[in-house]
Amino acid sequence: MSEIEAGRIKEARPPRVQAADAIRRLVGFVGAENLSLLFALAIVVVLIAAQNSRFFLPANLLNIGGNVSVVGLLALGETVVILAGALDISVGSIAGIASVVGALAVTSSGAMQLGIVGGILAGLLFGVVNGLIITVLRVNAVIATLATLSAFQGVAFLIAPNGKPVGVLDRDFAWLGSGRILSSETFVGIPISLIILLVVAVAAHVLMRYTQFGRSVYAMGGNAAAARLAGINVNGMKIAIFGLSGAVAGLAGVISTARTTSGQPGLGSQGLELEAITAVFLGGAALTGGKGTIAATMLAVVLIGTLSNGMNLLGIQTFYQDVAKGLLLVVAVAIGQWRAARAERARTRLA
Amino acid sequence: MAIAPPEERLDRDPGVPAPDEVLELIGLSKAFANVQALQDVSLDVRPGEILALVGENGAGKSTLLRILSGDYRPDEGTMRLGGETLSFTSPRDARRAGVRVIYQEPEIVPGVDVAENIYVGELPHRGPFVDRQQLDRLVADGLHRYGFERVLPAQLMGDELSPAQRQLVEIMRALKSDVRVLALDEPTSSLTDEEVERLFTLVRRLRSEGVAIIYVSHRIREILQLADRVAILRDGKLVAVRPAGETSDAEIVRLMVGRELRDVFKRRRAVQERVVLAVEDLRSAWHPGVTFEIHAGEVVGFAGLVGAGRTELAKVLFGAYPKHGGRISIDGHEVSIRRPRDAVRTGIGFAPEDRKGEGLVLVRSVLENASMAILARLSRFGFVRRRLERRVGREYIDRLRVRTPSLEQEVGKLSGGNQQKVVLARWLASRPKLLILDEPTRGIDVGAKAEIYALIDELANSGIAIMLISSELPEILGLADRILVMQNGRITGELSGPGATEEKVLELAMVDHLTAEVPGGETAQPAAEGLQPWLDGNQGEAP
């Protein structure tokens with residue numbers, strides 16, 4: 001249907017159809033594939049809120065936001081990598097390096113900004129190392145980052161004096177992790193770390209949706225051979241993508257440092273990369289690349305954060321929480337597969 | 001999995017004709033969502049008969065095959081074999097009843113050899129261990145029986161097989177059990193001429209053994225040569241069934257399309273003086289040195305056998321494969337093309353033969369696929385100007401008459417012809433000086449083919465130089481202003497005007513092959529027989 005036709009038909013439609021159109025447009029904005037995530041989130045919220053009245057307090061809701069910031073950031077970088085058809089399992093270790101570098105930069109210079117920049121640059125550098133291993137040495141991305149998962153963790157301990165955590169006393173820097181703005185008598189304020197996460201999420205969304213870079217990521221993730229033949233610099237893109245993922249992991253490391261007021265070389269051994277990857281797949285991204293959105297990943301991050309916050313409020317043991325998260329991923333992917341199979345059946349009609 | 005004793009499986013006795021087991025399809029209907037894919041189709045196939053099934057893409061052939069193989073259940077209608085009603089709930093039921101469907105792209109396990117692939121899921125075993133000796137013996141017997149020992153070495157691994165060999169594996173899988181009905185879906189679309197001949201021999205042999213054969217193909221001449229009867233489907237309905245001896249390619253095409261296909265190759269163009277592409281002594285792993293030119297507004301056809309180095313030449317030109325030496329000039333200036341990106345910047349477009357594997361990003365939208373090669377032009381400060389993109393995308397999608405519900409439609413959900421048009425839209429949008437088309441109409445139905453021919457003509461008229469690689473001789477003879485024939489990485493001849501005939505092209509393409517050993521170890525067919533598959537185009541006579 002051409003646009004002109006569409007316009008003409010819309011004019012003639014009764015108000016009820018227009019309302020249906022509005023809903024459809026709303027669905028289109030969220031993305032039909034994200035509806036089940038929203039639905040799951042609604043269920044989780046209703047279940048928890050029915051059991052615990054504190055859940056809906058603004059303080060608690062903002063806590064969720066603050067708590068997901070580190071994993072959320074890692075998941076954003078990971079989304080870009082996965083959309084490009086690869087996987088980066090070294091992001092936790094990179095965050096560890098950035099945490100140490102950031103902490104050292106702050107303690108030695110006393111400037112918060114230097115800590116932030118130092119951490120991000122360290123992340124970028126090691127991300128580019130990943131990219132070079134993958135393109136120049138032609139090592140598969142999973143294997144390459146599996147190797148650097150281990151290697152970078154070692155590097156983080158080597159950088160840290162005596163291999164010990166680096167305490168950060170700088171108050172400005174701590175504000176980055178646990179500070180809040182707009183706080184008043186009646187309002188607890190919005191966590192700075194949540195704001196950083198949202199800013200990066202919006203930037204990532206714009207990057208993936210509206211830029212040449214984002215388009216190229218989707219194209220090479222969907223079919224690298226076709227992308228190359230369409231003139232896309234696939235190798236250059238890979239280096240950029242892993243550099244980006246590293247830089248965002250660096251920022252996540254800095255935030256983590258600020259939250260715990262110490263540079264943690266052991267950040268890479270906490271399974272953060274797996275949590276991030278979990279969020280991306282929960283958001284419905286395809287393992288093979290080319291399919292998925294930043295918005296879906298963010299929804300998944302919020303869903304996981306809400307679930308663990310709710311279970312904490314309800315006093316559920318950590319072990320049960322871990323089982324619940326695992327189940328959530330399986331159920332979400334199973335539902336995605338079922339929908340895909342149904343769509344496939346609907347389209348094999350002709351041929 | 002319980003199965004019959006393996007010793008008996010490959011032993012079909014050719015001397016005894018099967019009992020009279022007519023396959024009857026009675027009033028089959030199948031709808032998907034709101035599309036009627038198959039409507040009240042009644043057909044019968046007798047043992048020892050080859051029934052050809054033809055129709056455009058979307059005519060319902062595949063649906064019919066999928067019902068036959070137990071993949072789909074019909075909404076209405078029944079199937080009977082030898083008077084017994086068949087009711088399949090899964091492909092396994094169909095196999096058990098002796099009904100096998102061979103699809104174009106069979107499932108092959110890449111990491112195991114031919115023998116294990118043939119017996120996959122039914123390996124002979126002794127206790128928990130595979131009985132390798134027995135397996136080898138069974139496979140060797142089977143291959144020998146049908147004369148495939150040399151074309152299909154049993155120790156080749158799954159991922160080393162050519163498309164033809166993959167198909168043979170699938171056929172051998174079918175033959176190892178008792179086959180009563182065998183359906184083949186476009187079996188020759190990726191085969192070389194010799195392979196086609198060998199397949200025909202096999203199909204005829206199975207016919208003489210009393211198998212009822214359903215043969216789906218786009219190649220009408222091939223059908224007329226092979227089949228006993230031809231059934232024509234259009235829009236899910238059975239239009240006609242004709243004895244092969246009493247019909248013609250023209251009639252079949254008319255019945256398929258519902259209109260006469262005329263003036264497909266109407267050439268109105270004038271080749272310009274200006275040379276767009278000049279290739280001098282281009283050398284690569286496949287080419288000892290290739291020299292040619294293409295003028296503005298000229299369509300140069302590249303003919304040759306499969307493996308003559310035509311696709312490789314295109315890829316070397318485009319920077320996808322490494323070049324060892326030689327010069328490439330565009331518009332008189334020497335250019336350095338080391339990767340596809342360089343070629344795109346230089347003004348070359350390339351629609352590859354493998355549309356799904358190399359042409360399109362199937363999971364992304366029509367628009368994203370169409371704009372993929374011109375993102376830089378559409379962007380400002382790295383941001384894609386979406387309104388401009390839509391306008392440009394819409395322009396080319398409309399111009400090529402791509403039938404898609406919207407620009408946001410996933411390309412993988414379009415039909416083959418429309419997918420090819422999206423690839424072409426991408427390169428037209430890049431406003432190329434030279435367009436390389438590798439098998440642009442492979443696997444595309446007659447109607448879409450005619451549109452693509454008209455488009456190629458139009459593009460040449462607008463001054464684009466076109467390098468057309470095709471294995472369909474009528475296509476090349478009809479479209480090209482000049483034909484270059486390749487063999488073993490060399491250009492062995494140039495033909496144009498009235499001198500360009502099918503016989504002449506074949507002579508140049510095969511001259512060495514007539515006497516030389518060909519890979520696979522057998523002497524090639526004499527020209528007259530090897531010629532046959534070349535003559536199988538959909539368009540009938542070339543002008």
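How much area is buried between chain B and chain A, and what share of it do carbon and sulfur atoms give? In this predicted model, the two chains bury about 3,100 Å² between them, and carbon and sulfur atoms give 56% of that area. Three arginines deserve a look here: B:Arg341, B:Arg364 and B:Arg386 supply 15% of the area that chain B buries against chain A, more than any other three residues. The contact itself takes 43 residues from chain B and 31 residues from chain A.

Let's stay at this interface for a moment. Two salt bridges are found across it. In one salt bridge, A:Arg215 pairs with B:Glu389, and the closest N and O atoms are 2.6 Å apart. Nine residue pairs are in polar contact between chain B and chain A. On the side of chain B that touches chain A, the residues divide into 21 nonpolar, ten polar and twelve charged.

Now step back to the structure as a whole, which holds 36 salt bridges over all chains. One of them joins the side chains of B:Asp44 and B:Arg229, at 3.7 Å from N to O. This pair links distant parts of the chain, with B:Asp44 in strand S2 of chain B and B:Arg229 in strand S11 of chain B, 185 residues apart. B:Arg229 has a relative accessible area of 15% and so counts as buried, whereas B:Asp44, at 28%, is partly exposed.

Next, turn to helix H14 of chain B. B:Arg390 lies in this helix, and its partner B:Glu408 sits in the loop between H14 and helix H15, 18 residues apart. Their side chains meet in a salt bridge of 2.7 Å, N to O. Both ends are partly exposed: B:Arg390 has 29% relative accessibility and B:Glu408 has 47%. Helix H14 also carries B:Arg399, which pairs with B:Glu458 in helix H16 of chain B, 59 residues apart. Here the N to O distance is 3.4 Å. B:Arg399 is partly exposed at 35%, and B:Glu458 is partly exposed at 37%. Coming back to B:Asp44 and B:Arg229, salt bridges that share partners join these two with B:Arg46 and B:Glu49 into one network.

Finally, follow chain B to a hairpin. Strands S23 (residues 482–487) and S24 (residues 490–496) of chain B run antiparallel and are joined by six bridges. B:Arg482 stands opposite B:Ser496 in S24(B). Two residues lie between the strands of this hairpin, where B:Asn488 takes a positive phi near 50°.

How values were computed
Residues are numbered from 1 along each chain as its sequence is written. Chains are lettered from A and ligands numbered from 1 in the order in which they are written. This is a predicted model: local features need pLDDT of at least 70, side-chain atom pairs count only at pLDDT 80 or more; totals for chains, interfaces and linings use all residues. Side-chain values use heavy atoms; hydrogens and water are left out. Two strands pair if DSSP finds at least two bridges between them. Helices (H or I, at least four residues) and strands (E, at least two) are DSSP runs, numbered from the N terminus. Contact means heavy atoms within 4.5 Å. Buried area is the accessible area (1.4 Å probe) that two parts lose on being put together, summed over both. A salt bridge is a side-chain nitrogen of Lys or Arg within 4 Å of a carboxyl oxygen of Asp or Glu. A polar contact is a pair of N or O atoms within 3.5 Å; within protein, one must be able to donate a hydrogen and the other to accept it, and residues adjacent in sequence count only if both atoms are side-chain atoms. Ala, Val, Leu, Ile, Met, Phe, Trp, Tyr, Cys and Pro count as nonpolar, Asp, Glu, Lys and Arg as charged, and the others, Gly among them, as polar. Buried means under 20% relative accessible area, exposed over 50%, partly exposed in between (1.4 Å probe, protein chains only).
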